[in-house]
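I opened this structure to look up a few things one by one. My notes follow the order in which I looked.

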Amino acid sequence: MALTETVLAFSTRTLRARLTAPGDETPLREETLVVNPTALPLDLGTDQPSLVPALRSAVLNRVTLRHPGPLLLFTGWEQEDLTDLGAREGWLRIGDDPSLAAGAGEGAPFPAHTPLWRSPVEQLGTVTLPPELLGTPSAARTAVPLRLQANLWYAPAGTDCHIHRKHEFLEVHTQIAGRGRMQKFHAQDAATRYQDLALEPGATHAPFCAHDGTGAWHYPWHRYWSDTDCVWLALEYHPC
């Protein structure tokens, strides 16, 4: 049994977020949203082969998790009251912190009035990702050690989380509560949308940036859109 789990700072009154230690054995006895932030697939050990791939997630129950890397576990998301979640201690509205708004990067600035809040940030150690997960061209195909950090985002229904494309890290998002979308665009213009990825609790989108081998990350124009009141997890893989 996992005795070395860490309760993460962005846990709420009802939503419990935990990090397992590498090599832990963790039996699940309730619906648990499991996020695999590593390059190694999570084998569920069931009679028929079943995996949670690298950088993906699933809602699981009645299995025992065994994995050489850390896993993020969430419970209670269906019971969490999302009303005014951003007003709770430690959460920051994006317009109240210039560094958050600046992180939206290139193009038109991030609107300060956007109802988008970030939880406390957790540093989760170092993860090495292979080139096939990084979109690295063949001339620079080496594994890259990255510093992993995690936080939750909260936005009420109908929030436009701003079209942007500049990040200095790899990011993926997991839907925790509510329903939202990751959308891609040809330009910083909503009329140029070309892909719409629906996200429900337990879904993680695949990485969609390219790492050029020199340390630069290249993204298409993209944004998160909340169909309902939403909480989602951001995993950011930063250069060490």
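**Glu122 and its surroundings.** I started with the contacts of Glu122, taking contact as heavy atoms within 4.5 Å. Leaving out residues up to four places away in sequence, Glu122 touches Val7, Leu8, Ala9, Phe10, Leu148, Gln149 and Ala150. This is a predicted model: local features need pLDDT of at least 70, side-chain atom pairs count only at pLDDT 80 or more, and totals for chains, interfaces and linings use all residues. Residues are numbered from 1 along each chain as its sequence is written, and side-chain values use heavy atoms, with hydrogens and water left out.

I placed Glu122 in strand β12 (residues 122-129). Strands (E, at least two residues) and helices (H or I, at least four) are DSSP runs, numbered from the N terminus. What does the side chain of Glu122 reach? I found the backbone nitrogen of Ala9, at 2.6 Å. I count a polar contact as a pair of N or O atoms within 3.5 Å; within protein, one must be able to donate a hydrogen and the other to accept it, and residues adjacent in sequence count only if both atoms are side-chain atoms.

I then looked for a salt bridge, meaning a side-chain nitrogen of Lys or Arg within 4 Å of a carboxyl oxygen of Asp or Glu. Glu122 has none, yet is buried. Buried means under 20% relative accessible area, exposed over 50%, partly exposed in between (1.4 Å probe, protein chains only). The nearest side chain of opposite charge is Arg147, 11 Å away. For charge, Lys and Arg count as positive and Asp and Glu as negative; His and the chain ends are not counted.

**The open sheet.** Next I traced a five-strand open sheet. Its order is β1-β2-β9-β4-β7, with antiparallel pairing. Strands β1 (6-7) and β7 (56-60) are at the edges with a single partner strand each, so one side of each has no neighbour in the sheet. Two strands pair if DSSP finds at least two bridges between them. Strand β1 is joined to β2 (residues 16-19) by two bridges, running antiparallel. Val7 stands opposite Arg18 in β2.

I also checked Thr6, found in β1. Apart from neighbours within four places in sequence, Thr6 is in contact with Ala17, Arg18 and Leu19.

**Strand β20.** I moved on to β20 (residues 230-239). Nine of its ten residues are buried. Strand β13 (residues 144-155) pairs with β20 in the antiparallel sense over ten bridges. Leu152 has Leu233 as its bridge partner there. Strand β14 (residues 170-177) also runs antiparallel to β20, joined by seven bridges. His173 stands opposite Ala234.

Thr228 sits in the loop between β19 (221-226) and β20. Thr228 counts as buried because its relative accessible area is 19%. The side chain of Thr228 reaches the backbone nitrogen of Arg179 at 2.9 Å.

**Cysteines.** How many disulfides does a search of the whole structure find? I noted zero. A disulfide is a pair of cysteine sulfur atoms within 2.5 Å. Cys209 is in none; the nearest cysteine sulfur, that of Cys240, is 15 Å away. Cys230 is buried, at 0% relative accessible area.
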